[in-house]
Amino acid sequence: MEKNPIYYSLPNVVTERSASIIDLPASSSGAKDLKELVETWVPKDDKDEVESELKKYFPLMEKKSRVRPHKSLKKPKKLKQPPQHRGKKRLTSKQRRDLGLHLIDKTNKTFEMFLPIHDLWKSYAQELLHISHFLQSGWNGDSRDTKTETIQNRVRKMDYFGCFLRVTRSRCSEYVGIQGIVIRETKNTLIMVCPDDSVKTIPKMHSEFSFVVDGVGFSIIGNHLHQRPAERAKHNFKKLCLWL
């Protein structure tokens, strides 16, 4: 036999393990061959401990079948609950429509009833636009002036509830000339109470409205207001028409 063979035959312990994998009969001398294999590779001083180490139990070497609990022992899954509102429960849109909360009773509305609200709106508009400050600084409504753009942005964010509006132009000639205090604003319409105590609903589309703040008149196209008041602050208007 050559001193340095190209390859060695497999030990019996390897053969035994391979046989267990492919379901072949294994030899009974596996433990003895394993001991001999380990003794050939360990130092001479440690050969006395080989037998005691091989007698130890290694649980990770054994394959155990996974035991799954019965369906009756499994914990039931928690169902997702809808988010709870803090405080009182709010009404849905359908419940509001069913209760008629979005409807306005046109029989008990008078113009004088909303005059205090209009006074509050005037102080709100004066504080928001600061027209007197711009007039003192020399602003004259020129579209090329940067101050005009600043005022336009503030007009865009205004809330028109309580504003005294006048319809200056409209595709429907019956709406032209109607004026009154805005008592409700929706996405598509403006509801106003007129000086004769009548309640009018004016569509925003294809209409033009005007109002006055501190002696300065503003004219705005209804198509630019074709949004809910809370959503107008998120969008930019086209060029607004301002006049002195």
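With which residue does Asp-119 form a salt bridge? Select Asp-119 together with Lys-122: these two form the salt bridge, and their closest N and O atoms are 3.8 Å apart. The term salt bridge denotes a side-chain nitrogen of Lys or Arg within 4 Å of a carboxyl oxygen of Asp or Glu.

Before continuing, please note that this is a predicted model, in which local features need pLDDT of at least 70, side-chain atom pairs count only at pLDDT 80 or more, and totals for chains, interfaces and linings use all residues. Residues are numbered from 1 along each chain as its sequence is written, and side-chain values use heavy atoms, with hydrogens and water left out.

**The whole chain**

Display the chain as a cartoon. Seven helices and seven strands are present; helices (H or I, at least four residues) and strands (E, at least two) are DSSP runs, numbered from the N terminus. Followed from the N terminus, the order of elements is α-α-α-α-α-α-α-β-β-β-β-β-β-β. Of the 244 residues in the chain, 25% are buried. Here buried means under 20% relative accessible area, exposed means over 50%, and partly exposed lies in between (1.4 Å probe, protein chains only).

Return to Asp-119 and Lys-122 and colour helix H5 (residues 115–129). About one helical turn separates the two residues, because they are three residues apart in this helix. Asp-119 is partly exposed, at a relative accessible area of 43%, and Lys-122 is partly exposed as well, at 35%.

Next, select His-130, which lies in the loop between H5 and helix H6 (131–136). Its phi is near 55 degrees, a positive value in a residue other than glycine. With a relative accessible area of 37%, His-130 is partly exposed.

**Surface patches**

Switch to a surface view. A patch is made of residues with over 30% relative accessible area and no salt bridge; like charges are joined within 9 Å, and nonpolar side chains (Val, Leu, Ile, Met, Phe, Trp, Tyr) within 5 Å. Lys and Arg count as positive and Asp and Glu as negative, while His and the chain ends are not counted. A charge is placed at NZ of Lys, CZ of Arg, CG of Asp or CD of Glu.

- Select Asp-45, Asp-46, Asp-48 and Glu-49, which form a negative patch. Glu-49 is in the loop between helix H2 (30–41) and helix H3 (50–54), and is partly exposed at 47% relative accessible area.
- Select Arg-68, Lys-71, Lys-74 and Lys-77, which form a patch of positive charge. Lys-74 belongs to the loop between H3 and H4 and is exposed, with 52% relative accessible area.
- Select Leu-91, Leu-99 and Leu-101, a nonpolar patch with about 310 Å² of accessible area together. Such areas come from the Shrake-Rupley method with a 1.4 Å probe; for residues, only the protein chains shown count as cover. Leu-99 is part of helix H4 (residues 93–99) and is exposed at 58% relative accessibility.

Now select Arg-169 and Glu-208. Their side chains meet in a salt bridge (2.4 Å, N to O). The pair links distant parts of the chain, 39 residues apart: Arg-169 is in strand E1 (residues 164–170) and Glu-208 in strand E5 (residues 207–213).

Two strands pair if DSSP finds at least two bridges between them.

Move on to strand E3 (residues 189–193) and strand E4 (residues 199–203), which run antiparallel and are joined by five bridges. Thr-189 stands opposite Pro-203 in E4. Five residues lie between the strands of this hairpin, and Asp-197 takes a positive phi near 70 degrees.

As a last stop, select Asp-214, in the loop between E5 and strand E6 (216–221). Although not a glycine, Asp-214 has a positive phi of about 55 degrees.
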